[in-house]
Amino acid sequence: MSAESGTYRLDVYTRTTDILEQAKPNIEKGPLFTAKGTETGCEVLLNFAEHDRPSTSFKPETFFQHLTTRTQGSVLATASTLPSTQTLLQDNPGHFPHGTVCVADRQIKGKGRGKNTWESPEGCLMFSTSVHLSIQGQSLPFVQYVVSLAIVQAVQEEAKKRLKDNVVDVRIKWPNDIYGQKLKLGGILCQSAYRNQQFHVVIGVGLNLSNQQPTTCIDALIEEKHHEINLEGSPQPVKPEVLLAGILNRLEELLDVLLSSSFEPLQKPYLDAWLHTGQKVILEESQGGNMQQIPLTIQGLSSNGYLKAQDEKGEQYELHPDGNSLDFFKGLMRKKA
Ligand SMILES: O=C(O)CCCC[C@@H]1SC[C@@H]2NC(=O)N[C@@H]21
């Protein structure tokens, strides 16, 4: 029996009766289903919580009041504890329709990118949402960029409300992280599968909202800026329900642009929100057994969604995350042998 085995209660809410009807073929009310895949052995109690007492502090009414989307977030699943919101949606696609968002107070087997785990400190907003996209394969890498932009825009919207229209130093660290004052504030994990002529993408986000550890958090950055610009009193903490609704509102809008056009109209806002324009890095490349150091300047994203950089002679480079380990803050990039 693995550590994450056991019974987990999942409260499922839907925005309207109509959507509840749509969701019914896919989501059956309790008593239990046994989650598949990596969470085998974990039983999830599905409960339409309108009729029962909720088990988490996350307030669905507040979330739905702030949600302005057509479909994203229409089905909300909350849990006090889960192994991982990501693996739940990822491994049980038949149970959760397009737009489902699953949020947990705690994860005991939170998943990061690669082989990393995601620690789940109290105060961290942790959610996964499923999107079914009719999109060309070459547009898929841009989905993660759209998610990053949606997060930064939603955070800044909350910051502006509290800071008389000022923003905080929250930016995208390419390709999948959110940084606040040069510290990691959040991470994004996108996993996709191709089914029935659509990409089913499960987007997982962990964002330090009120937890100052292990790095910094959104509430602390807003509070610091509040003092810096000499506003009186203390800013209200950002509610997880409001931030999550804001992220999903932005996400749907930005995905609409990506799907109806391309990433092109989003390039400028994306580059304005990232950390890297004009950043100097050194590409270390092995040439004929000798290690060459090539100074490069980051310029933007290539049409394939990779990093576009230029050397001193104006020669263009496309840098791939898998082929280069990037350490931007040391100004170093190593090309893997
Ligand atoms: O920085 C990373 O490596 C990505 C971290 C993604 C963490 C989130 S928390 C909610 C969702 N559930 C998980 O198990 N992982 C993602």
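1. A polar side-chain atom of lysine 184 sits 2.6 Å from an oxygen atom of the ligand. Such a polar contact is a pair of N or O atoms within 3.5 Å; within protein, one must be able to donate a hydrogen and the other to accept it, and residues adjacent in sequence count only if both atoms are side-chain atoms. On its own the ligand exposes 420 Å², and the protein buries 98% of that. Areas follow the Shrake-Rupley method with a 1.4 Å probe; for residues, only the protein chains shown count as cover.

2. This is a predicted model, in which local features need pLDDT of at least 70, side-chain atom pairs count only at pLDDT 80 or more, and totals for chains, interfaces and linings use all residues. Residues are numbered from 1 along each chain as its sequence is written, and side-chain values use heavy atoms, with hydrogens and water left out.

3. For serine 84, a side-chain N or O atom is 2.7 Å from a ligand oxygen atom. For threonine 85, a polar side-chain atom is 3.0 Å from a ligand nitrogen atom.

4. Glutamine 107 deserves a look. It belongs to strand E5 (residues 101-107); strands (E, at least two residues) and helices (H or I, at least four) are DSSP runs, numbered from the N terminus. Glutamine 107 is buried, at 11% relative accessible area. Buried means under 20%, exposed over 50%, partly exposed in between (1.4 Å probe, protein chains only). The glutamine 107 side chain reaches the backbone nitrogen of threonine 85 at 2.9 Å. Beyond its neighbours within four places in sequence, glutamine 107 has contacts (heavy atoms within 4.5 Å) that include Ser84, Trp118 and Met126.

5. Now the aromatics. Rings of Phe, Tyr and Trp (its six-membered ring) pair if their centres lie within 6.5 Å; planes under 30 degrees apart count as stacked, over 60 as edge-to-face and the rest as tilted. The count is nine aromatic pairs. Tyrosine 270 and tryptophan 274 have ring centres 5.7 Å apart and planes at 55°, so this pair is tilted. Both residues are buried.

6. On the whole chain: there are seven helices and 16 strands. Buried residues make up 51% of the 337 residues.
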